[in-house]
Amino acid sequence: MTKINAAITGVAGYVPDYILTNDEIAKNVDTSDEWIMTRIGIKERRILKGEGLGMSDMGVKAVEQLFAKTGTKPEEVDLLICCTITGDMQFPATANIISDKMGIRNAFSFDISAACSGFLFGFATAAKYVQSGMYKKVVLVAGDKMSSIIDYKDRAVSPIFGDGAGAVLLEPTTEDLGLIDEILHTDGMGRKYLHMKAGGSLKPATHATIDAGEHFVFQDGRHVFKHAVTEMADVAAKMMEKHNLSHSDIEWLVPHQANQRIIDAVANRMEMTKEKVMVNIEKYGNTTNGTIPLLLNEWESQLKKGDKLIIASFGAGFTWGALYLKWAYDPK
Ligand code: UT7
């Protein structure tokens, strides 16, 4: 039987217009452009402003662009998966809301919650549906409205995050292209270093939880940093060893954008030169689920059929992993 692979056949991305600069952040907390650039590598990030706008609105913008670029019609979509930790509501799934707004009526849809590794976990999941032969067009949306859960009076987290979303179309191919392999991990012990304290079933929202600022991101940055550097570099190196790949075999490293120092550590371990590492953290910060598709969208015009990509991430959960894929199309 011919093997079916799952390949990305189109990519799109959306970031809101509003630019939040380091200088504006420094008006609220004791920080500086110099500290943020040196310790994190972020110059600015985008913020979704306006009443009544949530993650689904950014997802819709990305999917509209994806449909226009790939000539996809809503009725052709078999499945839509949305990876986010800042869904429009606790329930229903934001994937359902995006499908409704896009007129996608012949598909089922659901959300995946894996924080910064969401795109990797979502891609691996979506690929299984495509590889089964039952699903021909799968839309994977990934993004976050991080500004909805950030305390702009907390200097430990406010400089890091931004808003944005991306989307890819996955389709079957019998060529040796698309997702080749995945190594994915979770360690729930890591939850103590990065989480939101209230708003879930463990601690529902009350006046007291709001007064205590428990609906914002809590992060013990130093601990997360140590784990991120080690695990993300280890898993990327493991993928290279598993497939007997040296740095010269890989065209692109696509790393989650959490901190320029983490990206550099992973690239160094893989011996990848700067020109082969996708980086846009300076412009957008950490958009959590959005970083990887936003990178792929920005670099799309440079990607060629057969290019070997390693995608690597680390995030809340803890969740981390690496994907090995071969790009499926030349620039259009
Ligand atoms: O994508 C999700 C996963 N998240 C990550 O991967 C994030 C991983 N962590 C990090 O990127 C870094 O740990 C941070 C960027 C969050 C923090 O950088 P750091 O170099 O680890 O700083 P630190 O937490 O060790 O703090 C060093 C000092 C402290 O002061 P003292 O105790 O040495 O006097 C902090 O209070 O820097 C201080 N500090 C700041 N100073 C100016 C912390 N945040 C700021 C700030 N501006 N914004």
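Reader: What is the order of the open sheet of five strands, and which pairing has it?

Author: The order is 1-7-6-4-5, and the pairing is mixed. The model is a predicted one, in which local features need pLDDT of at least 70, side-chain atom pairs count only at pLDDT 80 or more, and totals for chains, interfaces and linings use all residues. Residues are numbered from 1 along each chain as its sequence is written, and side-chain values use heavy atoms, with hydrogens and water left out.

Reader: Why are strand 8 and strand 11 said to stand at the edges?

Author: They belong to an open sheet of four strands with the order 8-13-12-11 and mixed pairing. Strand 8 (178-186) and strand 11 (252-255) each have a single partner strand, so one side of each lacks a neighbour in the sheet. Strand 8 pairs with strand 13 (residues 319-326) in the antiparallel sense over eight bridges, and Asp 181 has Tyr 324 in strand 13 as its bridge partner.

Reader: Which strands does helix 7 lie across, and at what angle does it run to strand 12?

Author: Helix 7 (residues 221-242) lies across strand 8, strand 11, strand 12 (308-315) and strand 13, and runs at about 155 degrees to strand 12. Contact means heavy atoms within 4.5 Å. Axes are lines fitted to C-alpha atoms, for helices over the stretch in contact, and angles run from 0 to 180 degrees between N-to-C directions.

Reader: How many residues of the lining of the second largest pocket are nonpolar, polar and charged?

Author: Six are nonpolar, three polar and three charged. Ala, Val, Leu, Ile, Met, Phe, Trp, Tyr, Cys and Pro count as nonpolar, Asp, Glu, Lys and Arg as charged, and the others, Gly among them, as polar. The lining includes Tyr 18, Glu 24 and Asn 28, so these count as nonpolar, charged and polar respectively. Helix 1 gives the largest share, three residues.

Definitions and conventions
1 Å grid on protein atoms, 1.4 Å probe; cavity = no way out; pocket = protein on both sides within 12 Å on 5 of 7 lines; lining within 4 Å. Helix = DSSP H or I, 4+ residues; strand = E, 2+ residues; numbered from the N terminus. Pairing = 2+ DSSP bridges.
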